[in-house]
Amino acid sequence: MIELEKGQYSGNKIIEVKNQLFMASVTSYSPNDFNANRHNHPNTHLSFVLKGGCEEQKKDRYERKLLSTTFYNSLEPHQINILPYDALHLNIDFHPLFIKEINEESNLELIVDKDSSLPLEMIKLYQEFINNDDLNVRAIEEIVLATFSREKSNLLYHKAPFWVEQVKEYIQEYWNQSITLDELATVTGLHKISISKHFSKYTGETITTYQRKLRLYKALELINSKQYNLTEVALNCGFSDQSHFIRLFKAYTSFLPKRFQKL
């Protein structure tokens, strides 16, 4: 078993930002150039798949898909088994001071498992890496501290009533369709005012925001498939037109779709 140094990964680090609390970096991987040895890291960290994907193994084998985030406890053994094509990962290495003063390890894992907004936040974080100005380091710090705060994990710990899951499941099934509050009231048996008023209490976002983010996740998948032009992506994902799609995509990711398409 190899113990890698702090902030070291199995690929080639392109860029990094570090301070006393964390180290964030972007790492590239190639099928012909990655470390397949079983290893661990001294610090708690996570890794988000910006491009590509791979088969990895902790105790059991699992697939790391595009736009997914994997959490690793400190010193947790793992390895890459199969890397079929080029990949790009965004990694955050949490220093012990972060665990002590900002949020503990178990809470960080909870955020990775349950925060539905995490993929868009990670893409926004990547955008700050490629912003070439004097504010990007501070912006990266702000995004990391907000995304992985104790307040965020406390919200996710709050046990939601069954109807919240019913609403989520219904929206996930009909994500590209216009869903009314009356429909959700029929599904849950609650008054639509109660649903609209209390959904954000348990999720941290409105019903509209939740559905828009689902549509953007689907759009990201279609963009990365390279099978559709942006107009087709917009229409397939329920956006009224391409300009509306571009505006929301930029608002939630800080990227223009065409620029993200070139990653």
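**Close-up views of a predicted model**

**View 1. Phe255 and its aromatic partners.** Phe255 is buried, with a relative accessible area of 0%, in this structure, which is a predicted model. Its ring and that of Phe260 have their centres 5.8 Å apart and their planes at 75°, so this pair is described as edge-to-face. Phe260 is likewise buried, with a relative accessible area of 1%. Across the whole structure a search finds 10 aromatic pairs, and one of them joins Tyr126 to Phe255 in a stacked arrangement, with 5.9 Å from centre to centre and 15° between the planes. This pair links distant parts of the chain, since Tyr126 belongs to helix α3 while Phe255 sits in the loop between α11 (242–253) and α12 (257–261), 129 residues apart. Tyr126 is buried as well, at a relative accessible area of 9%, and one aromatic cluster is formed by Tyr126, Phe239, Phe245, Phe249, Phe255 and Phe260.

View 2. Five strands form an open sheet in the order β2-β3-β10-β5-β8, with antiparallel pairing. Strands β2 (12–18) and β8 (69–72) stand at the edges, and each has a single partner strand, so one side of each is left without a neighbour in the sheet. On average, neighbouring strands of this sheet are turned by 20° against each other, with direction ignored. Strand β5 (residues 44–51) pairs with β8 in the antiparallel sense over four bridges, and Phe48 has Thr69 in β8 as its bridge partner. Helix α3 (residues 118–130) lies across β2, β3 (22–29), β5, β8 and β10 (87–94), and runs at about 95° to β10.

**View 3. Thr203 in helix α8.** Thr203 has its place in helix α8 (residues 192–203) and is buried, with a relative accessible area of 15%. A polar atom of the Thr203 side chain lies 2.9 Å from the backbone oxygen of Phe199, and the backbone oxygen of Glu205 is also 2.9 Å from a polar atom of this side chain. When residues up to four places away in sequence are not counted, Thr203 touches Leu155, Val164 and Lys168.

**View 4. Asn224 in helix α9.** Asn224 is found in helix α9 (residues 207–225) and is partly exposed, with a relative accessible area of 22%. Leaving out residues up to four places away in sequence, Asn224 touches Leu50, Leu66 and Phe260.

**View 5. Lys58 and the ring of Tyr72.** Lys58 lies over the face of Tyr72, at 4.8 Å from the ring centre.

Terms used
Residues are numbered from 1 along each chain as its sequence is written. This is a predicted model: local features need pLDDT of at least 70, side-chain atom pairs count only at pLDDT 80 or more; totals for chains, interfaces and linings use all residues. Side-chain values use heavy atoms; hydrogens and water are left out. Helices (H or I, at least four residues) and strands (E, at least two) are DSSP runs, numbered from the N terminus. Buried means under 20% relative accessible area, exposed over 50%, partly exposed in between (1.4 Å probe, protein chains only). A polar contact is a pair of N or O atoms within 3.5 Å; within protein, one must be able to donate a hydrogen and the other to accept it, and residues adjacent in sequence count only if both atoms are side-chain atoms. Contact means heavy atoms within 4.5 Å. Two strands pair if DSSP finds at least two bridges between them. Axes are lines fitted to C-alpha atoms, for helices over the stretch in contact, and angles run from 0 to 180 degrees between N-to-C directions. Rings of Phe, Tyr and Trp (its six-membered ring) pair if their centres lie within 6.5 Å; planes under 30 degrees apart count as stacked, over 60 as edge-to-face and the rest as tilted. A charge sits over a ring if NZ of Lys or CZ of Arg is within 6 Å of the ring centre and within 35 degrees of the ring normal.
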